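Q: I am new to this structure and would like to learn how its features are read. Please take me through them one at a time.

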Amino acid sequence: MKLSNNQTPLSYFEQAIAEFRKTQEELQAELEELRKFKQDYIKLAEQLESTNQELQAVKTELGDIKAESQQVNQKMESLEHQNQQNIDAVKTEIENGSIVAKKAVMLRGVDDKHWIGFYRLDAVNHHCLGVWKSRNKTWHDDIRVKASFFLRARDSKHWMGCIGSRNSYDVFQVWKSDNSWQSSVRVRAARHIYKG
């Protein structure tokens with residue numbers, strides 16, 4: 001700093017001190033800004049670190065979810081394969097007759113409480129069908145078909161059928177619902193019943 005003509009050394013120093021104070025205040029303001037910037041930077045760095053940690057946790061969780069998803073997919077594929085094998089096995093067993101469905105063994109009667117199926121072998125080894133009543137779990141000999149082994153007699157408790165032959169003639173008797181054969185067959189207009 002140069003002294004001007006009307007400036008004394010004291011005024012010169014006062015001016016220098018004033019400029020120094022001004023510079024000091026400017027430096028102080030800049031220093032405060034730097035401190036504030038540093039604090040903001042530290043907060044930002046902490047937030048960034050926290051975000052990184054959260055991001056790592058999310059990545060780990062996503063990795064775990066992906067691994068679980070792969071395990072679930074593998075289990076699903078295994079179950080699908082096993083189910084397909086089971087279906088194929090059942091299909092094969094149905095085709096070769098190992099599995100017989102209920103409706104193949106029993107035919108539905110008048111409703112779902114009455115089923116028609118094999119009941120027993122009779123005295124001459126004939127297969128007899130009967131009606132199974134599921135309500136009281138009993139068999140009944142009351143199946144009627146258009147052409148049958150027995151012919152209906154006077155009511156549904158009496159049936160006529162051939163029980164064998166004697167002297168080259170077929171012998172017919174009446175079957176009563178009390179499980180007995182009766183030899184009371186009478187034919188009005190024939191001496192012999194022709195066996196066709």
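Q: How many aromatic pairs does a search of the whole structure find?

A: A pair of aromatic rings is described by the distance of the centres and the angle of the planes. Rings of Phe, Tyr and Trp (its six-membered ring) pair if their centres lie within 6.5 Å; planes under 30 degrees apart count as stacked, over 60 as edge-to-face and the rest as tilted. Searching the whole structure gives three aromatic pairs. In the pair of Tyr-12 and Phe-13, the ring centres are 5.9 Å apart and the planes stand at 70°, so this pair is edge-to-face. One aromatic cluster is formed by Tyr-119, Trp-132 and Trp-139.

Q: What should I know about the origin and numbering of the model?

A: This is a predicted model, in which local features need pLDDT of at least 70 and side-chain atom pairs count only at pLDDT 80 or more, while totals for chains, interfaces and linings use all residues. Residues are numbered from 1 along each chain as its sequence is written, and side-chain values use heavy atoms, with hydrogens and water left out.

Q: Where in the protein chain is confidence lowest, and where is it highest?

A: The term pLDDT denotes the predictor's confidence in each residue, from 0 to 100. Where pLDDT is low, the predicted coordinates should not be read in detail. For the protein chain the mean pLDDT is 80, and 81% of its residues reach 70 or more. Confidence is lowest in helix H2 (residues 102-105), with a mean of 56, and highest in helix H1 (residues 9-96), at 91.

Q: Which secondary structure elements does the protein chain contain?

A: Helices (H or I, at least four residues) and strands (E, at least two) are DSSP runs, numbered from the N terminus. The protein chain has two helices and eight strands. Read from the N terminus, its elements follow the order α-α-β-β-β-β-β-β-β-β.

Q: In what order do the four strands of the open sheet lie?

A: Two strands pair if DSSP finds at least two bridges between them. The open sheet has the order S1-S2-S3-S4, with antiparallel pairing. Its edge strands are S1 (107-108) and S4, each of which pairs on one side only. Seven bridges link S2 to strand S3 (residues 127-133), and Leu-121 has His-127 in S3 as its bridge partner. The hairpin of S2 and S3 has five residues between the strands, and Asn-125 there takes a positive phi near 65°. S3 in turn is joined by three bridges to strand S4 (residues 138-140), in the antiparallel sense. Here Val-131 has His-140 in S4 as its bridge partner.

Q: How many bridges join S6 to S7?

A: Strand S6 (residues 158-166) runs antiparallel to S7 and is joined to it by eight bridges. Trp-159 has Trp-175 in S7 as its bridge partner, and Trp-175 also stands opposite Trp-181 in S8. S7 and strand S8 (residues 180-182) form an antiparallel pair over three bridges. Two residues lie between the strands in the hairpin of S6 and S7, where Asn-167 takes a positive phi near 50°. In the hairpin of S7 and S8, which has three residues between the strands, Asn-179 has a positive phi near 65°.

Q: Is His-114 buried or exposed?

A: Buried means under 20% relative accessible area, exposed over 50%, and partly exposed in between (1.4 Å probe, protein chains only). His-114 lies in strand S2 (residues 114-121), and its relative accessible area of 15% means that it is buried. A polar contact (a pair of N or O atoms within 3.5 Å; within protein, one must be able to donate a hydrogen and the other to accept it, and residues adjacent in sequence count only if both atoms are side-chain atoms) of 2.7 Å joins the side chains of His-114 and Asp-111.

Q: Which residues does Val-171 touch, not counting residues up to four places away in sequence?

A: Contact means heavy atoms within 4.5 Å. On that basis Val-171 touches Gly-161, Cys-162, Ile-163, Gly-164, Ser-165 and Arg-166. Val-171 belongs to strand S7 (residues 169-176) and, at 15% relative accessibility, counts as buried. Across the protein chain, buried residues make up 10% of the 196 residues.
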